[in-house]
Amino acid sequence: MDISYPQFFLGFVLLLIPVYFLQYYKTGLVKDTLFAAGRMTGQLFLIGLYLEYLFRLNSSLINLIWVLVMIVITAFTVVKRTNLSLKTVFLPVSMAILLSIILIAGFFLNFVLQLNSMFEARYFIPICGMILGNMLNACVISLSAYYSGIKREKTLYQFSLGNGATPTEAQHYFIRDALIKSLNPTIATMAVMGLIALPGTMTGQILGGSSPSIAIKYQIMIMIVIFAASVISVVITILLSSRNAFSKSGILKK
Amino acid sequence: MIEFQNISLSYENKEVIRDLSFSIKPGESVCLRGSSGCGKSSVLHALLGFITPNCGKIFVEQRRLDSNSIQHIREQVAYLPQDLSFPFTTVKELIDAPFKFKANRLKKHSTEVIFSTFAELGLEANIYSKNLNEISIGQKQRVMLALMKLLDKEILLLDEPTSALDPDSVVLVINFLKSLSGKTILAVSHDELFAQHFDKVIHIKQINSI
């Protein structure tokens, strides 16, 4: 069932309730809320128009370029949100995400969904988009945890190096810690899925007219794809960025 | 043989050691003394490749210390840092940690050997299964010294190993280190009683040349 524009704008009436409370308690968030809601609406409409055009065109090359652009934007966002240097993080994150997409999205679209072309717009773009969004969060959390961990636990790192560990061995503890911190939220979400909340993909598909049994299968697959892609991107990002971030003697460059 | 030739070191962009030269023969024990912040620990850090000298050369067993030789040198060393705040839960985890590295994997000891080494330092066997937050800093220092022996390396680098120990425990540690005959020991210490038992004492002033 489509939402007509009058119905659509009627939905915005709900925003009056949070706006009232935010104003009543003088949170100063009213302007931000209205700006964020307006921006979200504008951005999604533009993307919607663009995707509609992409889907109609359905050119493998253009779809691929679109995903590559999304990868570059994701890598820039990781750099910005981790406050790490562009030189240390940009290429490793881009490479890690590209490799995860090739491996995981490639496997899912080619072998699980068995599409004639994995670059078919209505599958390739949303699946890659979903993976990228989750990889972005996982990379930001893991890189922050990894580098702040090595700075915070400098004693442990130096103790390990000073007692014969190779730099890779000394970094092992910190990679483990970064993996735990970045993947815990996804594991927790997976564990309660369907009990506490109905996940977005499934809800969207059901609202869009799919049967719940198909929607559930897609949701489960999406979660597995997201999780596998996040693990691969986190590990590769950390390993590749370490090559730039540490000296040959294993010391973190400033 | 460890040799420092005209070494200058900086810590946090401030020069702390200038034109330092000394040598340590195999099996010799040397103690670095000096006021706080004079750069004693930086000497150990330079030897481990944690900081790069502004100028000068460091040799260990005739090999010049650089990014190519540093791993080989680190594998000859047991290092006790000054700060012992490790994110491990138990003493066992702390003792086990360095034996997970490829360089030490074949040197893993039975609990009997660990307990007898503990006994040499006046530690009871049950400390092995205790949480690190249940033991005192002095006990932690002695656990670390036991670990230094268990690692069985040719060179021991000890940064303030007795700073939290009472005089009786310091004597235990002195006898313990004397029993490690043949090992080259480079220690940093404020403790006069401890320092006088070393073959050589090097005094480091704020900016020093020996």
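In helix 8 of chain A, residues 167-192, D177(A) and K181(A) lie four residues apart, and therefore about one helical turn separates them; helices here are DSSP runs of H or I with at least four residues, strands are runs of E with at least two, and both are numbered from the N terminus. Their side chains meet in a salt bridge at 3.0 Å, N to O, the term meaning a side-chain nitrogen of Lys or Arg within 4 Å of a carboxyl oxygen of Asp or Glu. D177(A) is buried at 18% relative accessibility, whereas K181(A) is partly exposed at 39%. Buried stands for under 20% relative accessible area, exposed for over 50%, and partly exposed for the range in between, with a 1.4 Å probe and protein chains only.

A word on the basis of these values. This is a predicted model, in which local features need pLDDT of at least 70 and side-chain atom pairs count only at pLDDT 80 or more, while totals for chains, interfaces and linings use all residues. Side-chain values use heavy atoms, without hydrogens and water; residues are numbered from 1 along each chain as its sequence is written, and chains are lettered from A in the order in which they are written.

I turn to chain B. There, D96(B) and K92(B) form a salt bridge with the closest N and O atoms 2.8 Å apart. This pair too is set four residues apart, in helix 3, residues 91-96, about one helical turn. D96(B) is buried at 11%, and K92(B) is partly exposed at 39%.

Another salt bridge in chain B joins E120(B) and K149(B) at 2.9 Å, N to O. Here the partners come from distant parts of the chain, 29 residues apart: E120(B) belongs to helix 4, residues 111-120, and K149(B) to helix 5. Both are partly exposed, E120(B) at 30% and K149(B) at 29%. Over all chains, the count is eight salt bridges.

How many salt bridges lie between chain B and chain A? The count is one, formed by the side chains of E169(A) and R105(B) at 3.7 Å, N to O. On the chain B side, helix 2 (70-75), strand 6 (77-80) and helix 5 (137-151) each give two or more residues.

Finally, the extent of the interface. Contact, meaning heavy atoms within 4.5 Å, involves 32 residues of chain B and 18 residues of chain A.
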